[in-house]
Amino acid sequence: MSIEKVAHLAGVSKATVSRVLNQHPGVRPDTRSKVLAAISACDYQPNLLARQLRTAQSNMLLVLISDITNPFCSRVVQGIEAEAETQGYHILLCNSASQLRRETAYLALLAGKVVDGVITMDAAACLQGLKDLIGDAPWVQCAEYDPSINASSVTIDNRQAAFETVRYLAGKGRKQIALVNCDMRYLYSHQRESGYREALKALNMTWDRVAYAENISCEAGSAALHALLAQPSPPDAIFTVSDVLAVGVIHAALEAGLRVPEDLAVVGFDGIPFTSSLNPPLTTIAQPMNQMGARSVQLLLNRIRQPHAAIVHEVLPWQRLERASS
């Protein structure tokens, strides 16, 4: 049903129907009631593109993430979507795999006003490549960020979380603590490795090992542990930069006949809910994933509604969930 037919049924002009749809105050109550009744009778759905052209807003947010299969990303996106809907917005999700070609196509939607702003969860090393594409459009960097970019960010203190994790394991009597890291394009990989090394130095622990997983997967975590166990003087504790990697480490440890935590303590990172159901349940550094997503939306909408609002770099709290794996 078109706006013309709604106007005919209500006995008003198309302009009056438009004013009702856009909640214009200059419409008499009886006229507004007639138009709303006609809309209800026709089951009329307003043309969103036409409304967008009139208001210069689409009520759509673009979310660029590097890997939707990563449970951390999925949980953050849940927070983004829930908060966006609460605020009357919808999201357009781009699983970019950190490929600039894909991101360029999606970011063209900013210039076309199809989306009002963008949230990125891409690797920090890729963000400079997006800078010119995004320009002055509203932008929030979630989890990963480049401090030289003039855009708000939401993250945690990855370095401090890693530092405290090593201290925790050392306090449990572990003397040979290894790190399983991953893709060094990501800022969190650098920050967590930095915290790991700083803690070893502060504790005067000279034994150190870092294994680099090929990707965030259980198989890659298992492969990383096999590589560590093949070296002289194997570790008695493993700290991984991802819960998914930690699951693979535990699986490989049990296959190798090691007891967790008696022979090998394991600590993950992220706080993915299923890790509490593992055998043994996984000790992990829990990020406030849903809150990170929700806060990113709040900061982005503040920028959309107030283009000159101050840039905010927000650091949310993390917590250690201590379970049987350590």
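On a 1 Å grid over the protein atoms alone, a cavity is a set of points where a 1.4 Å probe fits but cannot get out, whereas a pocket is an open set with protein on both sides within 12 Å along at least five of seven lines; a lining residue has an atom within 4 Å of a point. Grid points are joined across faces, edges and corners, and a volume is the space filled by probe spheres set on the points. The structure discussed here is a predicted model, in which local features need pLDDT of at least 70 and side-chain atom pairs count only at pLDDT 80 or more, while totals for chains, interfaces and linings use all residues. Residues are numbered from 1 along each chain as its sequence is written, and side-chain values use heavy atoms, with hydrogens and water left out.

The protein chain as a whole comes first. The protein chain contains 12 helices and 12 strands, these being DSSP runs numbered from the N terminus (helices H or I, at least four residues; strands E, at least two). Its radius of gyration is 25 Å, well over the 20 Å that the globule rule gives for 326 residues, so the protein chain is more spread out than a compact globule. Here the radius is taken over C-alpha atoms, and the rule is 2.2 Å times the number of residues to the power 0.38. The C-alpha trace spans about 85 × 40 × 30 Å along its principal axes. Among contacts (heavy atoms within 4.5 Å) between residues at least 6 apart in sequence, 70% join residues at least 24 apart.

A search of the whole structure finds one cavity of 30 Å³ or more, and the volume of the largest cavity is about 40 Å³. Its lining consists of Ser152, Leu299, Asn302, Arg303, Ala309, Ala310 and Val312. Helix H12 (residues 289-305) provides the largest share of this lining, three residues. By class, the lining comprises four nonpolar, two polar and one charged residue, where Ala, Val, Leu, Ile, Met, Phe, Trp, Tyr, Cys and Pro count as nonpolar, Asp, Glu, Lys and Arg as charged, and the others, Gly among them, as polar.

The largest pocket has a volume of about 510 Å³. It is lined by 24 residues, of which Ile134, Gly135, Asp136, Ala137 and Pro138 are the closest to its centre. Helix H6 (100-111), helix H7 (124-134) and H12 each supply at least two lining residues, and H6 gives the most, with four.

The second largest pocket holds about 410 Å³ of space. Of its 26 lining residues, Ser66, Asn70, Tyr186, Tyr188 and Ile216 are the closest to the centre. Its lining divides into 11 nonpolar, eight polar and seven charged residues.

Finally, serine 326 lies in the segment after strand S12 (319-321). Serine 326 is buried because its relative accessible area is 12%. Its side chain forms polar contacts with the side chains of tyrosine 168, at 2.6 Å, and threonine 283, at 2.7 Å. A polar contact is a pair of N or O atoms within 3.5 Å; within protein, one must be able to donate a hydrogen and the other to accept it, and residues adjacent in sequence count only if both atoms are side-chain atoms.

How values were computed
Buried means under 20% relative accessible area, exposed over 50%, partly exposed in between (1.4 Å probe, protein chains only).
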